[in-house]
Amino acid sequence: MSTVQISAADVNKLRQQTGAGMMDCKKALTETNGDFEAAIDFLRKKGAKVAASRQDRESNEGVVIARTSEDFKTGVIIELNCETDFVAKNAEFIAFANEIANKAVEAKPASIEELYALEIDVETARVKIGDAIIEKTGKIGEKIGVSKYEVVNGEKVVAYIHGNFRLGVLVALSADGAGAEDAGKDVAMQIAAMNPIALDKDGVDASVIERELEIAKEQIRAEGKPEAMVEKIAAGKLNKFYKDSTLLNQEFVKDSSKSISQFLDSVEKGLTVTAFKRVALGA
């Protein structure tokens with residue numbers, strides 16, 4: 001048992017350094033005979049224990065951050081989750097998510113595991129993102145973690161965040177000419193609103209096409225159409241599905257007389273989308 005007297009000033013000093021609760025700080029200093037460095041380690045270990053004990057907790061709140069590199073050739077989206085809306089709106093939590101996104105776009109890790117192994121600056125130390133998340137879990141008292149991580153590369157990548165960090169979009173364009181930035185933002189807002197399932201019909205999974213055709217055929221038969229017409233009408237319905245559900249074929253929300261493909265071509269001949277990603281919080 002410690003014989004060192006722990007003052008309120010010492011407790012407050014450790015609390016300011018670590019952000020941990022007052023009682024946790026007092027216990028840490030007591031257990032470590034007032035050694036601040038050892039007390040910080042004690043709290044970190046406690047944070048790891050808190051993180052482990054919260055693995056069964058739901059963490060459906062959080063923020064989605066979309067970010068591009070300085071040359072606009074790469075973009076990333078991360079979803080950093082927590083348990084409550086209160087924490088999700090906290091400026092420190094949002095700043096932490098931005099730090100992770102900044103590191104991701106700089107280092108371009110291939111997976112969440114590789115992202116967690118990268119180091120960021122936390123106060124005066126370099127800390128692995130995975131360890132920083134454990135520390136934040138201990139400090140905040142909620143289970144937090146990165147649940148989604150997406151990367152897009154292209155000639156011109158545009159990032160868009162919608163709805164107070166609730167949804168992020170990345171759009172990669174085929175060229176970086178005049179008007180590409182504004183066009184990319186318009187397309188990103190289209191993706192946010194319309195949620196296309198693929199870039200064009202070639203990107204639609206065969207199982208989805210098969211399901212849509214079967215649904216269409218059943219609808220047509222239920223309408224009493226002759227069997228000889230079923231295949232032809234179903235093909236027409238499938239084309240309508242492509243128009244509604246694939247990005248380049250969708251009607252442009254700002255000008256319904258054009259598809260997204262036609263809109264981009266009007267900005268610059270041959271301009272198109274080469275890739276996109278859309279991440280919605282909790283989806």
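**Reading the sheet, a buried lysine and a pocket**

Guide: Within E7, Val 171 is the bridge partner of Val 158. This is a predicted model, in which local features need pLDDT of at least 70, side-chain atom pairs count only at pLDDT 80 or more, and totals for chains, interfaces and linings use all residues. Residues are numbered from 1 along each chain as its sequence is written, and side-chain values use heavy atoms, with hydrogens and water left out.

Visitor: How many bridges pair E6 with strand E7, and in which sense?

Guide: Two strands count as paired if DSSP finds at least two bridges between them; helices (H or I, at least four residues) and strands (E, at least two) are DSSP runs, numbered from the N terminus. Here E6 and E7 (residues 167–173) are antiparallel over 7 bridges.

Visitor: What is the strand order of the open sheet?

Guide: In a regular strand the side chains alternate between the two faces of the sheet. In this model the 3 strands follow the order E6-E7-E10, with antiparallel pairing. Strands E6 (156–162) and E10 (273–280) are at the edges with a single partner strand each, so one side of each has no neighbour in the sheet. From one strand to the next the twist averages 10 degrees.

Visitor: Which helix lies across E6, E7 and E10?

Guide: Axes are lines fitted to C-alpha atoms, for helices over the stretch in contact (heavy atoms within 4.5 Å), and angles run from 0 to 180 degrees between N-to-C directions. Helix H8 (residues 180–194) lies across these strands, at about 135 degrees to E7.

Visitor: Is Lys 217 buried or exposed?

Guide: Buried means under 20% relative accessible area, exposed over 50%, and partly exposed in between (1.4 Å probe, protein chains only). Lys 217, in helix H9 (residues 206–222), has 12% and is therefore buried. Beyond neighbours within four places in sequence, Lys 217 contacts Val 230, Glu 231 and Ala 234.

Visitor: Where does a positive phi occur in the hairpin of E3 and E4?

Guide: Strands E3 (residues 119–122) and E4 (residues 125–128) pair in the antiparallel sense over 4 bridges, with Ile 120 opposite Val 127. The hairpin has 2 residues between the strands, and Glu 123 takes a positive phi near 55 degrees.

Visitor: Which helix gives the most to the lining of the largest pocket?

Guide: Helix H3 does, with 8 residues. Among the residues nearest the centre of this pocket are Gln 17 and Glu 123.

Methods: 1 Å grid on protein atoms, 1.4 Å probe; cavity = no way out; pocket = protein on both sides within 12 Å on 5 of 7 lines; lining within 4 Å.
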